[in-house]
Amino acid sequence: MRKQNYKLILRQIRLNVKARKILKKKNICGISFDKEIIVKFPKFISIANPMYRVKLLKALKHIHIRDTTKKPIFLDFKDVEILYPDGAIYLVHKLDKLCNKANVKGRSSSLTTVRAMLSKLGMHKLMRIAEYRPTKLVPIVERWHIIEGVNAELGEKYDEIEDQINKIVKDKKSKMILHNAISEAITNVINHAYDSEDIYKKWLLFFAIDPDSDSCYIVLSDLGKTIPATVPVTWKEKLMNLNDLYLSKKDSQLIELATKLHKSATGLDYRGKGFTDIMQVERDMDGSKVMVVSRNGAWSSESGPKDYPEAVQGTTVNWCLPLNLANQSLQRDA
């Protein structure tokens, strides 16, 4: 029997250990795509706040790369503490657009309220984990509603949102203004947000009541063409006071410009009236605010324009209404 060469054996062991370390390092760096890569979400989910936006978009970019290469994805919401309405709907929308949902797994937040929110928003179903039903009622989650569509048919699910609006807004004219704004915003998405050859043409409508901030949020999201890319401007408008806004070419200012125009990119008189209705909510309902986020910019009726280095896909329109609207009457124009 041939005598074993212990030096060769030890050398082979060292080579095996070294190879395992190199493979582990590659997996950590995301170089090897044979196993699930953990995508950690930040504590706060938002696309309006600059710091939170950077972290969320970085995570979503990583997910997109994994999805297009048909590789496993592990979504880690463990550290998430707050879901802001603008960030929540954008996150849900981007994950809904994934092509290979069967490759997705994950874990929920360690906080009860956030876990209940994620479950209600369909994140648990996507990650293939059990739906979360807290033993104690979570009021803010009970008053979260989300509906989706590809046409102007709102369906029965909108009845729940309508019931909630009826509890907040008692004045008939105010109620009509709000419903018109939602309807016209959805019509704008259908008519202008997506190209005819686009496969994915979905809009999402999110409704939430937040007793802590004494506010109601209604957010509409699309993942189509952004406002800065489609805002129509005529030579006459360029020569008017809007000229400076247009020539600056900052996305936030182009969004503001869109709120002042009364037509669509089609140039047809009967199209594109949606922003007039969207802005009428803020103009005619006491304490209401509007925020629009699109591409690299955002514009708010409260804080004005803001620009970001990173771009989002599509547009979100966010109405914030005070919960005491039930005791208010419609403002009258002077």
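1. Contact here means heavy atoms within 4.5 Å. Axes are lines fitted to C-alpha atoms, for helices over the stretch in contact, and angles run from 0 to 180 degrees between N-to-C directions. By these terms H8 lies across E7, E8 and strand E12 (315-322), at about 15° to E8. Helices (H or I, at least four residues) and strands (E, at least two) are DSSP runs, numbered from the N terminus.

2. This is a predicted model: local features need pLDDT of at least 70, side-chain atom pairs count only at pLDDT 80 or more, and totals for chains, interfaces and linings use all residues. Residues are numbered from 1 along each chain as its sequence is written, and side-chain values use heavy atoms, leaving out hydrogens and water.

3. Now the sheet. It is open, with seven antiparallel strands ordered E6-E7-E8-E12-E9-E10-E11. Pairing requires at least two DSSP bridges between two strands. Strand E6 (144-149) and strand E11 (304-307) are at the edges with a single partner strand each, so one side of each has no neighbour in the sheet. Neighbouring strands are turned by 15° against each other on average, direction ignored.

4. Strand E7 (residues 203-210) and strand E8 (residues 215-222) run antiparallel, joined by eight bridges. Aspartate 210 has serine 215, in E8, as its bridge partner.

5. Helix H12 (residues 251-260) also packs on the sheet. H12 touches strand E9 (289-294), strand E10 (297-300) and E11, and its direction makes about 45° with that of E10.

6. Tryptophan 319 touches residues including Ala181, Ile182, Tyr217, Ile218 and Lys289, with residues up to four places away in sequence not counted.
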